[in-house]
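Have the structure open as you read.

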Amino acid sequence: MEEAVLQNGLAIDQLHMLVILSLILNVFSFFSFAYILMTRGKNDMTPKLQADIKKLSNDLKLLESKVKDLQPKRAVTELPPVEAFGGFKAEEPTLEVPDESGIDFSAMTPFIDEYNLLAASMSVPKQRQACEKFIKEHDLKMIRYGGMMNFLPAVDVEESNYWAWKIPNQKSLYAIVPNPMIPCDREVYERGGMNTTFEANYKDGVYARYVVLRPATFTVDSANAWKIENVGELNLIRK
């Protein structure tokens, strides 16, 4: 690095000397040309002087060429750095809005997806067997509504109003879904605990299918007493 700086300094000094010499020769050439004009026809030395000036002119052109070659060229690395343009991301940033309950509902997605598929198949034969298989595969607990916001254990799939799925890494916290075998009518919605367990689009009549958008969450104590922690959300479909 120091050697490159030294060489660059010597080149600049040489350039300065050549520039000064070029100026001197230009001045000398000017006065010589003036002298020729004044002495043309009166001095036998004029032809020789003209030849000398011509040679001097050629030397001057060669000197100017060398001056141009010695002028320091600006390296590309000396250019001011240009910040790279990152462009625009094709994907919009994802906004992670934490649930008010502090529960990671994304962990429940596979279970909820499977439940919604099961609920959509309740019009086919052997629905009881399909529900019992689903309960066993997911180790679900069956719950029935006892009135006055009391939720009690159920022993039979047709008796149960709700199913409880243990949320991973959550102590005594369960995701609650409706029993898809029982259509939602006014009795179930108003007296079966549905309207206090889920937010739903129920208006009137009978809805044959449940679509869980967000499960409710319950806790259970050592005496099998169930308590609502967070209300869920349902989309009810008539057929």
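## Cysteines

There are zero disulfides here, and bear in mind that this is a predicted model. Cys 131 is buried, at 0% relative accessible area. Cys 184 is buried as well, with a relative accessible area of 0%.

## Helices H3 and H4

Cys 131 also turns up in a helix contact, on the H4 side. Helix H3 spans residues 109-119 and helix H4 spans residues 127-137; their axes come within 11 Å and cross at roughly 170 degrees. Anything over 145 degrees counts as roughly antiparallel, so that is how H3 and H4 run relative to each other.

Which residues make the contact? From H3 you get Phe 111, Glu 114, Tyr 115 and Leu 118, and they meet Ala 130, Cys 131 and Phe 134 of H4. By type, the residues of this contact split into six nonpolar, one charged and no polar.

## Positive phi outside glycine

Met 148 is worth a click: its phi is near 55 degrees, a positive value in a residue that isn't glycine. You'll find Met 148 in the loop between strand E1 (141-147) and strand E2 (150-153). Is its side of the story buried or exposed? Met 148 is exposed, with a relative accessible area of 77%.

Asn 224 is another non-glycine residue with positive phi, this time about 60 degrees. Its loop sits between strand E7 (216-220) and strand E8 (226-230). With a relative accessible area of 43%, Asn 224 is partly exposed.

Note on methods. Residues are numbered from 1 along each chain as its sequence is written. This is a predicted model: local features need pLDDT of at least 70, side-chain atom pairs count only at pLDDT 80 or more; totals for chains, interfaces and linings use all residues. Side-chain values use heavy atoms; hydrogens and water are left out. A disulfide is a pair of cysteine sulfur atoms within 2.5 Å. Buried means under 20% relative accessible area, exposed over 50%, partly exposed in between (1.4 Å probe, protein chains only). Helices (H or I, at least four residues) and strands (E, at least two) are DSSP runs, numbered from the N terminus. Axes are lines fitted to C-alpha atoms, for helices over the stretch in contact, and angles run from 0 to 180 degrees between N-to-C directions. Angles under 35 degrees count as roughly parallel, over 145 as roughly antiparallel, 65 to 115 as roughly perpendicular and the rest as oblique. Contact means heavy atoms within 4.5 Å. Ala, Val, Leu, Ile, Met, Phe, Trp, Tyr, Cys and Pro count as nonpolar, Asp, Glu, Lys and Arg as charged, and the others, Gly among them, as polar.
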